[in-house]
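This report goes through some features of one structure, part by part. Please look at the sequence and the model before reading on.

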Amino acid sequence: MPLNLTLASRNLFHDRLRFVATTIGIVFSVVLVMVQMGLYFGFGRMVTTVIAHTSADLWVMRHGTKCFEDPSLLTASKLTHVATTDGVAEAIPLVIGFSGWILPSGEITPVFVVGSDLQTLKPWNVTDGTVQALSTPGAVAVDRTYFERLGVSGIGSKANIRGLPVSVAAVTDGIRSFTTTPYIFSDLSQARAYIGIPSTMVSYLLVKLRPGADLEHVRHDLQASLPDSEVLTPAEFHERSRSYWLFGTGAGAALFAGAILAIIVGMVIVAQTLYSSTKDHLDEFATLRAMGSSNGYIYSVIIYQALLNAVIGFAFATLIGFSVVGFTRSGALPVLITPTLILAMFVLTVVMCVAAALGAIFRVVRIDPVMVFTR
Amino acid sequence: MSDFIVEAKGVTKVLGRGAAQVHALKDIDLSLRGGELTVLMGPSGSGKTTLLSILGCILTPTLGTVRVCGRETQGANAEVLAKLRRDHVGFVFQSYHLFPTLTASENIQLALDIRGVHGEDARAKSGDALEKVGLAHKIASYPHELSGGEQQRVAIARAIVSNPSAIFADEPTAVLDTKNGQTIMGILAEIAKDPAHGVLVVTHDSRMTSFADRVIHIEDGCLVGDERGSAGDAAILTTVRAGRRT
């Protein structure tokens with residue numbers, strides 16, 4: 001180990017109380033940033049989860065639709081036009097909308113109904129029952145997470161939606177809505193009845209292309225012939241929904257603001273402790289200077305100290321971050337920590353600690369080595 | 001090039017500003033040769049440490065010139081002065097200034113590390129330096145495990161490990177008992193036998209002059225005496241520049 005690193009580590013661990021305080025400060029800051037960013041990514045994934053599980057090549061929607069949950073409607077007459085457009089293999093209507101789930105006790109809880117052909121968009125992570133069973137009249141799929149809310153216990157449980165009897169025919173695990181309103185999957189015709197959408201209207205048209213068809217060409221043709229509609233790729237619709245919920249509603253800004261505050265708090269804590277540690281070791285730095293050490297060598301000791309703080313703090317913070325991920329996995333808004341986020345957090349922690357070391361470095365620059373003769 | 005390790009000519013140092021201004025050194029001429037142990041004596045506030053700092057390239061003079069191993073310090077910035085110290089100077093301080101979190105060996109290796117000598121080479125050199133000061137068996141000891149005398153011996157080992165031409169010791173025996181003080185001075189005198197090293201020791205303690213090849217007296221920022229010869233040979237006395245005293 002280089003001697004300047006040895007000196008840095010010994011100085012760091014010599015004052016255990018200060019080391020613990022610094023580590024706690026860094027851990028606090030990094031965990032806060034990690035969780036805020038994990039929520040940001042988790043939120044981003046959650047608000048687009050249905051789009052991600054739909055196997056369409058293009059989405060046709062009412063012009064100005066902001067997100068998947070937008071209740072704007074298209075006239076169903078467009079279905080024929082879309083289906084007969086050159087390059088289109090199939091056009092599948094999709095209806096979505098809020099409705100009221102009537103519990104056996106008579107209470108009503110809001111639900112978000114999704115109705116389709118059960119092929120292009122079907123419930124995923126089915127743990128009990130089958131998707132095929134949803135074509136039976138009154139059959140719906142619900143997520144296990146919402147059993148209590150919906151007053152059901154599993155396959156065969158009965159309830160009503162808008163006065164129509166329903167029976168649980170499939171149970172999923174992990175299909176949660178960030179709005180905490182449960183998703184209910186059913187086939188198209190039943191979904192219309194549950195939501196109250198007439199057969200002349202649809203929420204979306206899901207387009208599947210013929211093999212070899214040029215996506216951009218088909219999209220251009222569809223867009224040109226449907227001036228009051230928009231034709232988006234899944235990636236575009238995904239991004240539009242994500243942007244709307246994250247930035248249109250201010251949720252993302254709040255998460256970012258929290259993360260920035262956490263970075264500032266972390267920097268202040270590290271800067272304060274490094275500065276105070278440097279002040280306590282001024283005699284040593286002055287001795288190094290008197291011995292002929294370059295400023296760069298002294299900076300390296302301080303920066304090594306900051307880097308050690310960063311690595312140790314980050315290691316603890318990552319462990320806590322993963323605990324938070326496990327803790328929130330089944331919650332309404334799971335924290336999502338990806339390898340990219342971990343890498344970014346490590347870089348951020350290092351940058352934060354090194355930037356915090358600047359105060360200590362400025363203090364050391366002013367050291368007069370002659371002080372070693374007076375102490 | 002002269003055969004002096006350190007040469008100071010007309011060195012004046014003014015400290016402070018305005019009403020607080022002090023002429024710490026006044027027109028000092030002084031040269032140090034290799035192979036000599038020079039003792040600089042004087043009362044408190046006489047300018048001993050300021051002179052040591054200027055000769056050791058920590059401070060630059062307000063007026064006059066200082067040359068260390070042929071290199072002039074006038075106009076040098078802090079980094080250039082640090083390089084001069086790194087290349088030519090070793091210091092021994094009154095309070096040792098060892099690094100408490102490093103072992104004796106590591107303290108010595110640090111003086112090599114800042115000079116770009118690392119690893120096995122540095123460990124071997126630090127071992128040799130500790131052996132020279134009689135502390136080979138304390139290689140892994142931390143400063144708090146050493147007596148004051150032993151700590152000062154480690155500090156001397158640190159000062160000599162890079163083989164500097166000039167070794168400056170500021171009151172190296174001030175906080176030691178007589179026996180340890182004698183040991184320290186003996187080690188410094190031994191180092192000074194090598195013509196490659198010039199040693200300047202600042203001290204209050206007149207008993208330490210017995211180790212000196214030369215004793216210089218300073219008062220009120222002026223050199224007032226320059227004695228050559230070993231203990232008991234104080235007859236060779238040259239009073240210098242007495243006329244310049246103010």
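## Helix α2 of chain B

The buried residues of α2(B) are covered by several elements, including α10 (282–290) of chain A. From chain B itself, the cover includes β4 (63–68), β5 (71–72), β6 and β7 (166–170). The model shown here is a predicted one.

Which residues of α2(B) are buried? They are B:Leu81, B:Ala82, B:Leu84, B:Arg85, B:Arg86 and B:His88.

## Where chain B touches chain A

The contact between the chains involves 25 residues of chain B and 25 residues of chain A. On the side of chain B, the elements that give two or more residues are α1 (48–55), α2 (78–88), β6 (89–92) and α3 (104–113). Sorted by class, this side of chain B has 11 nonpolar, 7 polar and 7 charged residues.

## Two packed helices in chain B

Two packed helices are described by the angle between their axes and the distance between the axes. In chain B, α3(B) packs against helix α4 (residues 119–132) at an angle of about 120 degrees, and the axes are 9 Å apart. Because of this angle, α3(B) is oblique to α4(B). Their crossing is right-handed.

From α3(B), the residues that take part are B:Ala104, B:Ser105, B:Ile108, B:Gln109, B:Leu112 and B:Asp113. In α4(B) they meet B:Ala122, B:Arg123, B:Lys125, B:Ser126, B:Gly127, B:Ala129 and B:Leu130. By class, the residues of this contact are 6 nonpolar, 4 polar and 3 charged.

## The domains of chain A

The domain assignment of chain A gives domain 1 (3–46 + 250–373) and domain 2 (58–232). Taken over C-alpha atoms, the centres of these domains are 48 Å apart.

How many residues of domain 1 are in contact with domain 2 of chain A? In domain 1 there are 5, and they meet 4 residues of domain 2. The side of domain 1 that touches domain 2 has 4 nonpolar residues, 1 polar residue and no charged ones.

## One residue of chain A

A:Glu216 is part of helix α7 (residues 215–225) of chain A. Is A:Glu216 buried or exposed? A:Glu216 is exposed, because 8 other C-beta atoms lie within 10 Å, and a residue with 12 or fewer counts as exposed.

A:Glu216 and A:Ala360 are 144 residues apart along the chain, and their C-alpha atoms are separated by 57 Å.

Notes: Residues are numbered from 1 along each chain as its sequence is written. Chains are lettered from A and ligands numbered from 1 in the order in which they are written. This is a predicted model: local features need pLDDT of at least 70, side-chain atom pairs count only at pLDDT 80 or more; totals for chains, interfaces and linings use all residues. Two residues are in contact if their C-beta atoms, placed from the backbone, lie within 7 Å. Helices (H or I, at least four residues) and strands (E, at least two) are DSSP runs, numbered from the N terminus. Ala, Val, Leu, Ile, Met, Phe, Trp, Tyr, Cys and Pro count as nonpolar, Asp, Glu, Lys and Arg as charged, and the others, Gly among them, as polar. Axes are lines fitted to C-alpha atoms, for helices over the stretch in contact, and angles run from 0 to 180 degrees between N-to-C directions. Angles under 35 degrees count as roughly parallel, over 145 as roughly antiparallel, 65 to 115 as roughly perpendicular and the rest as oblique. A crossing is left-handed if the near helix is turned anticlockwise from the far one by less than a right angle, and right-handed if clockwise. Domain bounds come from an automatic or database domain assignment. A residue is buried if 20 or more other C-beta atoms lie within 10 Å of its own, exposed if 12 or fewer, and partly exposed in between; C-beta atoms are placed from the backbone.
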